[in-house]
Amino acid sequence: MDVRSILLPTDFSDCARHAVPVAAELARLLGARVVCLHVVEAVVQPVGWTPLAEPLPAAELGEQLGASAARELPAFSQSGEFEGLEVEDLIARGEPAAEIVRVAEERGAGMIVISSHGRTGLGRIIFGSTAESVVRHARCPVLVVKPPRGSDESRRPEAG
């Protein structure tokens with residue numbers, strides 16, 4: 001297996017942090033670089049929803065989310081786990097699973113390391129599973145890192 005680049009998607013959640021040491025260790029073992037990716041989703045106001053206060057226009061809210069990601073991603077990728085590794089930050093816009101797969105192909109990622117939020121049952125039906133969609137559509141190997149037992153996500157009733 002020739003892995004020169006590992007794609008590490010993040011939504012900056014505690015759950016996503018569980019994939020960091022795994023991606024960093026694999027990068028060290030394989031001599032690979034790490035591409036840290038955050039996907040900013042499009043903001044669409046629900047039809048028929050009337051806020052009590054004047055809402056931010058969707059475009060402005062999207063810009064704020066992008067600016068926030070631009071501040072958070074360097075802090076994420078410059079953590080101690082990545083010391084001594086070549087790391088690149090990348091922000092994409094769109095549907096997370098589709099963008100992760102697209103970026104992996106464009107950047108020639110040899111592997112994707114992604115965290116699972118541990119949802120099953122109704123939680124997975126409602127929120128979907130980005131990791132599951134990435135596994136189904138990616139052309140490279142995908143390593144899904146589950147939250148450790150005892151974490152907040154694994155204690156939820158719908159988690160398995």
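Guide: A nonpolar core here is a set of buried Ala, Val, Leu, Ile, Met, Phe, Trp, Tyr and Cys residues joined through side-chain atoms within 4.5 Å. Buried means under 20% relative accessible area. The model is predicted.

The largest nonpolar core has 22 residues. Those with the most contacts inside it are Ile 6, Leu 8, Val 34, Cys 36, Phe 76, Phe 82 and Val 113. Several elements build this core. Strands β1 (5-9), β2 (33-40) and β4 (111-115) each supply at least two of its residues, as do helices α2 (20-30) and α3 (58-77). The largest share, five residues, comes from α2.

Now to Phe 76. Leaving out residues up to four places away in sequence, Phe 76 touches Leu 8, Thr 10, Phe 12, Arg 17, Val 20, Cys 36 and Phe 82. Phe 12 and Phe 76 are both buried.

Across the whole structure, a search finds two aromatic pairs. Phe 12 and Phe 76 form an edge-to-face pair, with 6.1 Å centre to centre and 75° between the planes. Phe 12 lies in the loop between β1 and α1 (14-17), and Phe 76 in helix α3, so the pair ties together parts that are 64 residues apart in sequence. Phe 82 joins in too: ring pairs link Phe 12, Phe 76 and Phe 82 into a cluster.

Terms used:
Residues are numbered from 1 along each chain as its sequence is written. This is a predicted model: local features need pLDDT of at least 70, side-chain atom pairs count only at pLDDT 80 or more; totals for chains, interfaces and linings use all residues. Side-chain values use heavy atoms; hydrogens and water are left out. Buried means under 20% relative accessible area, exposed over 50%, partly exposed in between (1.4 Å probe, protein chains only). Helices (H or I, at least four residues) and strands (E, at least two) are DSSP runs, numbered from the N terminus. Contact means heavy atoms within 4.5 Å. Rings of Phe, Tyr and Trp (its six-membered ring) pair if their centres lie within 6.5 Å; planes under 30 degrees apart count as stacked, over 60 as edge-to-face and the rest as tilted.
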